[in-house]
Structure formats: C-alpha cells, structure tokens
Amino acid sequence: FLFPAIGGLLFGWDIGTTSGALTSIMDPNTSGVDWYALDSFQQGMVVSTSLAGALLASAAAAVKVGDELGSKKELQLAALFYGAGAIVQGLAPSLGVLIMGRFTYGLGIGFAMHAAPMYIAETAPPSVRGLLISLKEGFIVGGIMLGYLGSYVIFGQDEGWRSLLSTAAVPAAVLMLGMSRLPDSPRWLLQRGRPASEAREALEQVRGKKANRDIVDAEMARMVSSDHHVGGINELFRRENLRPLYIGISVVLFQQITGQPSVLYYAEQVFINAGYDPADGAGVAVILGFFKLLMTGVAVAFVDSAGRRPLLLGGVGIMTLSVLTLAVCSERMASGDVAGTSFTARASVAAIFAYVGAYQVSFGPIAWLLVGEIFPQRVRSAAVGTATLTNFFSNFLVSLYLPTLNENLGTAGTYYLFSVMSVVALSSIYLTVPETKGKTLEEIEESLR
C-alpha cells in the first residue's frame, strides 16, 4: 500500500507548494531570475499547466495506456514523470521551461491518480480495502500539509522556489524503487492471459506469508473463473456497465460541484470576519489542513466497519446543511445586519469546519474508493481513467468559473447553488450507490449486473 500511496502524496505536494513557489518566483528579492514580474495570464499558466498534464494523462490511461501497462508499470511511469517534472522545475532557466516542467509533473499526477486506486483495490484483502484506499486520501492531505510546511521553510530564501519544487524528485524515486519490488496486479496478469500460477504468486506476495491460505485459495478461484476479456473504452456504454459507470462518474463529479472549491476559496475571508488576523492568511490554510487530516483519519477508521453508504450519506447530508448555513450567513452579512454580525461570523466559521470535516469522511476518500472497486475488471482501467478525467476536468471548470459565479450571483447565491447541487448529490447516492464493504471485487461486479 505504501508505495502506490506516495503517488497521492506527490499530488498533494503540488497543491501545497504551488502558491508558495509562485510567491517566491514573483518576489524580486528572492526569485533570482529576471522574469519574476509575471502577469495574471502567466501566473495562471504556472498554476494550471500541471492540471493540463493530469487531464492528458488521464485521457491516455482511459483509452489505452492503463490496460497495456497495468497499474504497477503505470505507477512507475508516473514516478518517472514526477521526478523529471520536479527536476526540470527546479533547474528552470526560463518561464517556458518552468511551465514545461509543471506540465510534465502533471502527467505524473494523472497517471498516478488513475493507477493507485486500481492497484490497491486489486491487491488488498476485501476486509481492509476501504481502509487502504482511504489512506491514500490521507497521503494526499499529508502531501498538502508538507507543501505548506515547505513553503514556510523557503520563505525569504534566495531562489527558494527551486529547492521547493525539486524536492519532489526524492519521493518520486522512492515510488519508482518501491514499485519495482512489488508484483503486477494478479487480476491484470490473468486479464493479459498469464498463467494462474503467476497470478497466485503475485497475490501471495502482496498478501504476505501470514495470509490465510484458504482465503487466498477462495479469492484465486473467483479470479480464475471471472471474465478475463479486456474491454476498451467503447464497452463502457454497454448496458451491464452503465450502472457502475454512472456511480463512478457521478461521485467524482459531485465531489467537485457541491461547493468544496468555493468553501475553501472564501475560508480566509470568513475567518477574518470572525476576528482572525488578516496578516496571517497562511494560518487559515494550515488550520484547515490539519483538520482535514484529522477527519480523514476518522474516515479511515470507520470505512470498513460502518461501510461506504453511511459515511457518504451522513457526510453529504452535513455538507448540505453546512453550505446552506454559509449561504444564510453570507446573505445576512451582506445585508449589513450589524447587531448579529459577531454571531453570524462565528456560525460561518463553524459551518466551514463542519463542511470540511464532512467532506473528508465522505467524498474526500470514499469517491476514490468507489472508483477503485465499483467497475468490472474487463473495463476497470478505461472506467477509472474516465472517472479521473471527469474529476480533473470538473475541477478545472469549477475553478475557472467560480469567480464569474460569485460576480453574478454573489457569495450567498453561489452557496445556495452549491446547496442545491448537494441535495441532488445526496439523492443520487441514496438511489444508486451500493454497499461494498467486505466484498471481493468479483462479488461487487456480480451484484451490479
């Protein structure tokens, strides 16, 4: 589990370091380059080109690369792009080279976020599959926190952005070396026509010497008897695949369009209204980051005992109430209700914490958990790639149009819109998402036919 999860850590690292690196580059006292005066478009290019790389890699993984390479080799490819991108960014002599490094790093993100949940899902015991895939979300949040810390450490250093961005090459090397010691997924081996003995050897290696032989025998029997045909992206739209396809794509889409970017975008202003020092904007990010990590731990602890559905339904229900509270509070603040300002501001802070906490026990880890386990083996790679592409593209669209939404609807109106989307998400989850805890991937596939 550890090595595939490093792919998530490196994704989180990119999120956590981008702002600090950009601040260092644009400060004439610390940039060390003569192209530090970036205009808004150039800043946007630095921030968004890693997402462009992730989109391209996700599309490539969905169409062909994922099936051809298998999740192990795809993670090694991700490590190669992560490492190369980190080194190019750290050594960049010009803005163009920096952007090229950002794009290369983004290719690593796309391949890693496609392959990691698949590898963990296909090799983990059913009893702890939810825990292990959810821990990957913990690694992403941990990477964000490490990125914040790294940005703090290099603050004020000459060309500190170079060391900040190139540091990712070290965990990328660990990912590459670690995956070289792990076997291919036993299910992928069977799908590629390899002998059952080779698949069994791979399964025994990832389960360890203490694994119960009877359980391994039973799981091998189910794998051997399942359909080993490799289905392309066109097969996703066959009738038997439509329900899992809807479930997988809907959860990652709702993950992005139920307000998460908006809540975090306005978090600093909410804290300031409640009396938080406006000079310490980074402190808001750190506080919320630690809280996200704590609540991810709650999800990890209960996902295999409580199950996926209760955490999703409960979490999204609290998210809905929280974003509705933020809408009402924003409306009251905008109306100039001076008498209730203090209470309204504190209620907004409480709503942000409730929203972030609920997100981290529901959509945060469980969307990717379902993506890893809900799809039939024959189309899993194409389906996970499609879901990953949907996630990154919807993230891009929300980030792009959020300022426009706020300008046209106001902060309160934007929150009201997201509360409506949260109700739609809650209804969809209730009606379509099955409970998958404790089931093998083959049992999940059979139950959805």
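**Close-up views of a predicted model**

View 1. The 12 residues of helix 8 (residues 196–207) should span 16 Å at 1.5 Å a residue, and the end C-alpha atoms are 16 Å apart, which agrees. Ala199, Ala202, Leu203 and Arg207 are the buried residues of helix 8. Seen down the helix axis, these buried residues fall within an arc of 125°, so they line one face of helix 8. Residues three or four places apart in an α-helix point the same way, because there are 3.6 residues a turn. Ser197 and Glu201 are exposed on the other side of helix 8. The buried residues pack against helix 3 (95–123), helix 7 (186–191) and helix 9 (213–225). Glycine 208, with a positive phi near 90°, follows helix 8.

**View 2. Nonpolar cores.** The largest nonpolar core has 102 residues, of which Tyr82, Leu98 and Phe363 touch the most other members. Helix 3 gives the most to this core, with 15 residues. Leaving aside residues up to four places away in sequence, tyrosine 82 touches Gly7, Leu10, Phe11, Tyr105, Gly108, Ile109, Ala112, Ala172 and Leu175. A second, separate core of 9 residues includes Trp188, Ala202, Met220 and Met223.

**View 3. Glutamate 159 and its salt bridge with arginine 162.** Glutamate 159 is found in the loop between helix 4 (129–153) and helix 5 (160–166). Phi of glutamate 159 is near 50°, a positive value in a residue other than glycine. Most residues other than glycine have a negative phi. In the salt bridge of arginine 162 with glutamate 159, the closest N and O atoms are 2.6 Å apart. Arginine 162 is buried, with a relative accessible area of 17%, whereas glutamate 159 is partly exposed at 31%.

**View 4. The salt bridge of glutamate 442 with arginine 187.** The closest N and O atoms of this pair are 2.8 Å apart. The pair links distant parts of the chain, with glutamate 442 in helix 18 (residues 441–447) and arginine 187 in helix 7, 255 residues apart. Both glutamate 442 and arginine 187 are buried.

View 5. Arginine 194 is partly exposed at 34% relative accessibility, and glutamate 198 is partly exposed at 28%.

Conventions
Residues numbered from 1 in each chain as written. Predicted model: local features only at pLDDT ≥ 70, side-chain atom pairs only at ≥ 80, totals over all residues. Heavy atoms only, no water. Helix = DSSP H or I, 4+ residues; strand = E, 2+ residues; numbered from the N terminus. Expected span 1.5 Å × (residues − 1). Buried < 20%, exposed > 50% of the residue type's maximum accessible area, 1.4 Å probe, protein only. Arc of directions from axis to C-beta. Contact = heavy atoms within 4.5 Å. Core = buried A, V, L, I, M, F, W, Y, C linked by side-chain atoms within 4.5 Å. Salt bridge = Lys/Arg side-chain N within 4 Å of Asp/Glu carboxyl O.
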